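Subject: Structure for you to look at

Hello,

Here is the structure I promised to pass on. Please open it beside this email and follow along.

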Amino acid sequence: MDDFHILAFETSSTLCGVALLSRTAGRTRLRTAQHEGRGAHAERILPMAQGLLDQAGLARRDLSAIAFGQGPGGFTGLRVACGVAQGLAVALDVPVLPVDSLCAVALQGAGEDPAGVHVVLQDARMNEVYAAAYRAGGADWVTLQAPALLARADVADWAARESAGWGMRAGGGWTAHGDALDVFPGLARELEALGARRAAAAPEGAHAQAGTIARLAEQAWREGRAVDAALASPAYVRDKVAYTTVERAGGLGGNPQVDAAALTLHDMTAADVDEVAAIESRVQSFPWTRKNFADGLAAGYRGWVVRRMGAMLGFALVMDAPDMAHLLVIGVRPDAQRQGVGERLLRRCIDHCRQAGLPALTLEVRPSNERAIAFYRRHGFAQVGLRRGYYPATQGREDAWIMTLALAADAA
């Protein structure tokens, strides 16, 4: 993996961009090409890619991976980049690197000193905003809030509520990026009242650039996060792509299928692992690693996450055995505890057992974790055993209680 060539596409906005990042003999070279004009994406993208390969003296078979900005953004544009990336990857038998386009916007606007929390707010049209939050730290960018779709009127409330969970140092604020700050009058002032700083205009502009997609793809490549072409997909966060004339006349904007205060449950996927590991690191003294979660999903374990307005609040991961399911790990963000998140996750684990025909759900818990024990007992779990020295502790080891919920007699 010392030498590699990554071809990257970005078409989530009116910009059609291609980048070629090459690492050879210890040196990195980035070449880019760009065209402005949404309607020409499909016809421009492959000729630009071939031009970059010709400049580098490379053939398509020399490519190590294909990257693309997966959005969110314009529906047609996202399909162009994803479709071209998948087609080339299949033809060349190389993997794909999907990259968060909003993270690219944050990276572009962060400048030379990116430390801190960066929030991206992009105009999604129809009086809506794509919103995401990231924490920068050296080469690593942690997703605090995966891209979500908000009504313009909900943005400030969302930021006020969710910023408490972004782990900022005392007295620290956050930096706001994106074209929504210019499109919507008054939005910047609302966020400044919440402690936000507006990013200086980035030289690359307010939309994701292919060169930035390539830089983020390089990090993903080094971390082994490439996926099979069949698993690559755009990041669609709008449940309804278009409104009818009658709906618009009636004042409809925003996403009619999402209640801003509602908790939503989703299957855990590889795209969730960064957020899951970030929550786990905040709630456990000896947390699972990102690789632990990724390996678990790859091994076929089932997991779920709870979100509110796109922000992840908690997660659970379960391993099935022939005679029962094992709740391996469950966690809820500190500022979201006592809001029904843990109960929602536990009920989903129990429902999974029933659907799989498994008669019991079991777990381990530290005897010192009295709140967790009380929570499990309220939901019918009973202690059935003890594992000596099971958990690492600050001093030595700590035992684990084995608690089990028998489902055979539990009413569905």
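Five strands, in the order β3-β2-β1-β4-β5, form an open sheet with mixed pairing. Strands here are DSSP runs of E with at least two residues, helices are runs of H or I with at least four, and both are numbered from the N terminus. Two strands pair if DSSP finds at least two bridges between them. At the edges sit β3 (27–36) and β5 (96–99), each pairing on one side only. On average, neighbouring strands of this sheet are turned by 15° against each other, direction ignored.

This is a predicted model: local features need pLDDT of at least 70, side-chain atom pairs count only at pLDDT 80 or more, and totals for chains, interfaces and linings use all residues. Residues are numbered from 1 along each chain as its sequence is written, and side-chain values use heavy atoms, with hydrogens and water left out.

Back to the sheet. Strand β2 (residues 15–24) runs antiparallel to β3, and 10 bridges join them. Serine 22 has arginine 29 in β3 as its bridge partner. Helix α2 (residues 75–92) lies across β1 (4–10), β4 (65–69) and β5. It runs at about 175° to β4. Such angles run from 0 to 180 degrees between N-to-C directions, with axes fitted to C-alpha atoms, for helices over the stretch in contact.

Now the inside. The largest nonpolar core has 32 residues, and Ile6, Leu97, Tyr134 and Trp141 have the most contacts inside it. A nonpolar core is a set of buried Ala, Val, Leu, Ile, Met, Phe, Trp, Tyr and Cys residues joined through side-chain atoms within 4.5 Å. Buried means under 20% relative accessible area (1.4 Å probe, protein chains only); exposed is over 50%, partly exposed in between. Why does this core lie between domain 1 and domain 2? Domain 1 (4–101 + 208–231) and domain 2 (103–198) both give residues to it. Those bounds come from an automatic or database domain assignment.

Next, strand β6 (residues 116–125). 7 of its 10 residues are buried, so β6 is largely enclosed by the rest of the structure. β6 and β9 pair in the parallel sense over 3 bridges. Histidine 118 has threonine 175 in β9 as its bridge partner.

Finally, find histidine 177, in strand β9 (residues 174–177). Histidine 177 counts as buried, at 3% relative accessibility. Beyond its neighbours within four places in sequence, its contacts (heavy atoms within 4.5 Å) include His118, Val119 and Ala199.

Best wishes
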